[in-house]
Amino acid sequence: MTALNSKIPAGSLGDKWKNHKFNLKLVNPANKRKYDIIVVGTGLAGASAAASLAELGYNVTTFCFQDSPRRAHSIAAQGGINAAKNYKNDGDSVYRLFYDTLKGGDYRAREANVHRLAEVSVNIIDQCVAQGVPFAREYGGLLDNRSFGGAQVSRTFYAKGQTGQQLLLGAYSAMNKNINSGGIKSFTRHEILDIVVVDGQARGVIARDMITGEVTRHSAHAVVLCTGGYGNVFYLTTYARGSSGTAIWRAHKKGAMMANPCYTQIHPTCIPVTGDHQSKLTLMSESLRNDGRIWAPSKQGDTRKANEIPESERDYYLERRYPAFGNLVPRDIASRAAKERCDAGFGVGTSKLAVYLDYASAVERYGRQEAGKKGIANPDQNTIETLGREVVKAKYGNLFDMYTQITGENPYKEPMRIYPAVHYTMGGLWVDYNLMTSIPGLYACGEANFSDHGANRLGASALMQGLADGYFVLPYTIGDYLAGTERKSIPNDTKEFMDAEKAVKDELNKLISINGKSTVHEIQRELGLIMWNHCGMGRTESGLKEGISKMRALKDQFQKDVKVTGTNEELNQTLEKAGRVADFLELGELMMVDALNRNESCGGHFREEYQTEDGEALRDDANFMYAAAWEWTGESGKQKLNKEDLNYEFVKPSQRSYK
Amino acid sequence: MSERHINIKLKVWRQKNKSDKGNMEEYALSGVSTDMSFLEMMDTLNEKLTKEDKQPVAFDHDCREGICGMCSMYINGQPHGPLKGVTTCQLHMRTFNDGDTIVVEPWRSAAFPVLKDLIVDRTAFDRIQHAGGFISINTGAAPDANAIPVPKENADEAFLAAQCIGCGACVAACKNSSAMLFTAAKVSQYALLPQGQAERYRRVEAMVAQMDKEGFGACTNTGACSAECPKEISISHIARMNRDYLGAKSTSNAI
């Protein structure tokens, strides 16, 4: 077993990061320009890291597969970003954000990492405002907040339902400033197909130019992976179609450990699946749970339209089961509760796999408030609804429009139908406190790493973590590593680079030469179904075992029978997709191996054998209080398990209660 | 709304690469669900082509929820198709009727060369942003977020400009291939905020200079850009940019 050293500094919770920053080695300004750093992915983590590193003086090269760094999928994050500013005077603090995040993650994250995240959260908001990010404001000109799941304070900063877009464009603008001044060289429409390791250290990447098909070698003193999550292994998800696990998986096969791969976030409020043609699912922001109420009919198999079901026959099951948090319970809990209702026969819509998210009472409440503000005494119902809808439109208009586009229905007049969908992966590359993977010189930031969310991520915390890693953590920690390495530039024509380049080319040619009958799309859909049915919201030992054998058969089919049209020497979207699916087939298998190993339920990982009498996740702290870090041994599904014990020094883990 | 199935004919621009001349090809698709998005319909076409051993149609797409700005396409001569305020990926087939012929083409603009089929090169947009689309603040140097109050009206107006997804529909819609709306959206966002004041005039000069260098045309106030913008960004931002540009040019000859 490889020793896992998390490098968590000693000392009190509040002093760890402060002391650690002081103890980290520094690189002097004149020497910084002698170091090259490659950043892969330009979402919140990648763009913020690239900009901050370039500002320090390092030579930064970025890669993204989109045609512009601005299009990374962070752009689609809707609801907001958490920060412990306590601008609302409602009792928030760094410690409370730390505690909520740790508890929300069902006590499967590192205390020290989560506390650091809460500490730097306040700097993120300052940074973004200074960049010109147009957050929502109150009439006094100060920043507005709203509430998100798993918290009883209002600490979420937002820009309508487009917070991710605005934060990413802020980080992209910071990149642009550094591209302009020569600190960053940006490659777009390039996909990273391997990590090059020289003498045990990450020294570069192999990229494919997606326009010409040319495979190129790029060297650096350190490589930072900010490539997001791997949820597309489930096929139907809220991820962008291009989001993949390829870079982290190829890093895994070069020696980087994958930690807790089975921890998947299934988001409770997505537009339900309607048919076989669908290519993706669309999220309806968690912010909608601020004002919307979730319900199912209290009668099984009720076929009436939502508006025909009287109040007395509606079951607001979250408010019933969790009176303290109500509709704002964490995501894993809200998702399971929706599944429970549908499985028990209370689902709605044609598929019966949906529940309602209802805005009628919010419209009524806002309408009365507005009528009061306008001095309308005894307003009639029509006036109340008209005024109320205007307020709801101002707050959530773009989300309601999106719902209308996809479903052809009007959510202002009838409740939305929603169902859980795959949204985020808490698992990822194992990193130490410095965000370094088990390959020296290879770092992972944002969703690509496993470190801060435990077994369930709270809403509005992904943006926080991506930016925390990129703006305020990595720029400190990477210097500690670089200070101990040689400054002379790394050649890109050594044996390791040439071998890696050849392996990538061989793999591409192999995919094209199979020339079978199964399309990449067919295999990807099948892969998604296996994952959803066997490793989705409810997992069992027998189901996982069956899933693993199905996955192996599918991988076999892929290797013998996949059909990839065209050549490598051109823009070839089928070839791009085939490479990603090949990696997902192995990654999916490891997810199921991990889920099978973890004989407990925690957060988003729900093993049906392990639940409380009320159907809540039942942890087994005595046996599973660890991060499972899987090490590649040369064969898919045969990874070696390394355990990093989670030591809770400051908080006593308990059964999560949101009642 | 209930699902229907329709038969359609597609006329799609096919072009192997940048130097290929390109031509329109016709395809028939039957039994298309009206619940499909336009891109899912294109997926179906591609699956069919693949099975027939033909090259699928290359098109840009990513988030498929109308925010990344990756998807493009002229649909029946309109950028992002017939609906107002909707990107191609959010356009659904219920907008079309049985028997329709749908013409699909890439953006047409000298500054956006076609790379393959429906994919164009929009890196000119990035270069305009590199020239000045930022506020020069380094990480760690920011004052408290609430130190400078911003009137809600200004913050909201800045947000409306900042919603630009950089898809290029404005350029595609413009008879002059002008990138004024795209450039103005960023100039205007920062001009409305106190944080953007220090570099306000320098920024507008630099961004407009780069815009001209990329070969985009001039603005003749037709308003097609704003009418076709999937985020409905107002042409008033162009007016604000023009005012700033005039002011900048009358006092500076920096660029």
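Trainee: How many residues of chain B are in contact with chain A?
Mentor: 67 residues of chain B are in contact with 66 residues of chain A, where contact means C-beta atoms, placed from the backbone, within 7 Å. Keep in mind that this is a predicted model: local features need pLDDT of at least 70, side-chain atom pairs count only at pLDDT 80 or more, and totals for chains, interfaces and linings use all residues. Residues are numbered from 1 along each chain as its sequence is written, and chains are lettered from A in the order in which they are written.

Trainee: OK, switching topic. How many residues has the largest nonpolar core?
Mentor: It has 289 residues. Such a core is a set of buried Ala, Val, Leu, Ile, Met, Phe, Trp, Tyr and Cys residues joined through C-beta atoms within 7 Å; buried means 20 or more other C-beta atoms within 10 Å of a residue's own. L225(A) is among those with the most contacts inside this core.

Trainee: And which helix gives the most to this core?
Mentor: Helix α17 (residues 573–597) of chain A, with 13 residues.

Trainee: Why does the core lie between the two domains of chain B?
Mentor: Because domain 1 (5–115) and domain 2 (123–251) of chain B both give residues to this core. Those bounds come from an automatic or database domain assignment.

Trainee: How far apart are the C-alpha centres of those domains?
Mentor: The centres of domain 1 and domain 2 of chain B lie 29 Å apart. 18 residues of domain 1 of chain B are in contact with 16 residues of domain 2 of chain B.

Technical notes: A residue is buried if 20 or more other C-beta atoms lie within 10 Å of its own, exposed if 12 or fewer, and partly exposed in between; C-beta atoms are placed from the backbone. Helices (H or I, at least four residues) and strands (E, at least two) are DSSP runs, numbered from the N terminus. Two residues are in contact if their C-beta atoms, placed from the backbone, lie within 7 Å.
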